[in-house]
Amino acid sequence: MAALVLAEHDLGQLSPATPRTVNAVAELGPVDVLVAGDDVAGIAAAAAEIAGVARILAADAHLYRDHDAKALAALLQRLAPGYTHIVASASATGRDVIPRLAAVLDLMPVTDVVAVLGPARFERPIYAGNALETVSNTQERQLLTIRASAFRPALKGNEAPIEAVEADVNAAAAARLVSAERTEGDRPDLSSAQIVVGGGVALGSAENFQLIEKLAAVLGAAVGATRAAVDAGYAPNDWQVGQTGKIIAPDLYIGIGISGALQHLAGIQGAKKIVAINSDPEAPLVKIADYVLVGDLFVLVPELIAELQRLGVSR
Amino acid sequence: MKILVAVKQVVDHAVRVRVRADRSGVETDNVRLSMNPFDKHAVEAAVQLAEAGHADEVVAISVGSQAARDVILTALAMGAHRGLLVEAEGRVETLTVAKLLRAVVDEEKPDLVLLGKQAIDDDSNQVGQMLGGLLDWPQATFASAIAVTATGLEVTREMDYGRATFALGLPAIVTADLRLNTPRNAGLPMVMKARQKPLAVRPAANFGVDLAPRLTVEQVVPPADRAGGRSLASISELAAAISSEVAEMELR
């Protein structure tokens, strides 16, 4: 058995999701990592440091610059015969590419895997995390996307050899990037952050939402938001946590002014500890939180920031 | 252009699902069923393209049991012109659905296939991409905006870092995200009118597609319970709790 992991990267940086994806399948056999993109030498070098990686395959071509699903699926299809498992993180790219590749190879993929129970046996959430299904199959090859936040990252400390892979000379990207709009911010990546501070519609405005960002800054945390807060324009789309947004699994989730709609709770099921600050003691998030403080967030959050600073808590 | 829009009947998003005691799946008897929310955005997008004069026909298709006629009727009430139910009983896997859709695409020859980005029951997020692969068409998944251009489409996609707009030629596959539009609620006159629109029913077995599932579902279980609920009295207690949680975290 051998696995090929498609590396996740953006702006020349290897995503923290990739060491987690490697770790998810490390027990199944040797793991190679495919780094496909434009000017990927630095990313390939970073991926080569991941413990347990046998080889880095670097496909350096303009064709792969924008993570085009058709071009990446064609590249993976060419490499597939050497592997029993072809794996990506369940990111925008992984979710785009793996099912397309699966259909081309006439295979049923297993997406959003949260536990690898065997070479062909996996656990995945359904119904927005309100149920977990265990699936198995007898297909010759497994195509997977991995929910990175459900796995610990593989350690660093390796110098895996880097081999160049030819780009497909006849291939062309199916879609052409016209423009990209990036959400500003230097906060950690939401999907893999160790601490996340989330804000709900109770914040009342985008200006007030900065309170959430301020607390997050003290804790070195990522910022999340409920769908209602995003829909109200208090926070950008890519901060949305929940069934239809990002699924997170931090060690600590601090939910502020969040009642806890079903679809938001689905996104935070994986959090180890939950703190809720809310004026409503009956709110669903309050019911499942490990630590609860009931009161006015506009009073409590500035006090909490001051107290954490006084205690010297910072990361 | 001609648009094919795929819709799925699922347990309504407001239903609190229960796992069956025998772990065979989620209880679907006697629960409210409705159109998958993402598919509603796909139908709305198709109807808006027709209303803007970009499309002359919108065909709604569903793969499912006779009960799935309801979601096709919903699509027809929203403004789709005709419907097709590919009738199949039991669990139909995403790959099978994609192959059935390909067979329909081969017959109908649409310029654009619109689908929801994922169904909220199995949360697979696969069918649109699979259809793209089977047809070798360009795909734009997780769409939050669609514009028609002289050469095809410009589709804005929700990315992990924000959003990005891509140009793609037709024919193409687009899967809808929640911010694509606000789906209309069809009023009673539209619902009545929908019943007059053509709705063909054809058995899945007639399409020459292998319907047998590849995956075995061994069990379905509820998620682990959270103990929860320790109420703190003051900010200093909460700050101390957070401080100790932070201290215990492994560096990573």
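The contact between the two chains takes 68 residues from chain A and 64 residues from chain B; two residues are in contact if their C-beta atoms, placed from the backbone, lie within 7 Å. On the side of chain A that touches chain B, the largest share comes from helix α4 (residues 92-104) of chain A, with nine residues. By class, that side of chain A has 36 nonpolar, 14 polar and 18 charged residues. Here Ala, Val, Leu, Ile, Met, Phe, Trp, Tyr, Cys and Pro count as nonpolar, Asp, Glu, Lys and Arg as charged, and the others, Gly among them, as polar.

This is a predicted model, in which local features need pLDDT of at least 70 and side-chain atom pairs count only at pLDDT 80 or more, while totals for chains, interfaces and linings use all residues. Residues are numbered from 1 along each chain as its sequence is written, chains are lettered from A and ligands numbered from 1 in the order in which they are written.

Strands also link the two chains. Strand β10 (residues 131-137) of chain A and strand β12 (residues 215-221) of chain B run antiparallel and are joined by six bridges; two strands pair if DSSP finds at least two bridges between them. A:Val135 has B:Val217 of β12(B) as its bridge partner. Helices (H or I, at least four residues) and strands (E, at least two) are DSSP runs, numbered from the N terminus.

In chain A, helix α3 (residues 69-79) is mostly covered, with eight of its 11 residues buried. A residue is buried if 20 or more other C-beta atoms lie within 10 Å of its own, exposed if 12 or fewer, and partly exposed in between, with C-beta atoms placed from the backbone. Among the buried residues of α3(A) are A:Lys70, A:Leu72 and A:Leu76.

Chain B has six helices and 12 strands. Of its 252 residues, 46% count as buried. Its C-alpha atoms fill a box of roughly 65 × 45 × 40 Å, taken along the principal axes.

Two helices of chain B, α3 (residues 94-108) and α4 (residues 127-135), pack at an angle of about 50°, with their axes 9 Å apart. Axes are lines fitted to C-alpha atoms, for helices over the stretch in contact, and angles run from 0 to 180 degrees between N-to-C directions. α3(B) and α4(B) are therefore oblique to each other, since angles under 35 degrees count as roughly parallel, over 145 as roughly antiparallel, 65 to 115 as roughly perpendicular and the rest as oblique. The residues of this contact divide into 10 nonpolar, one polar and two charged.
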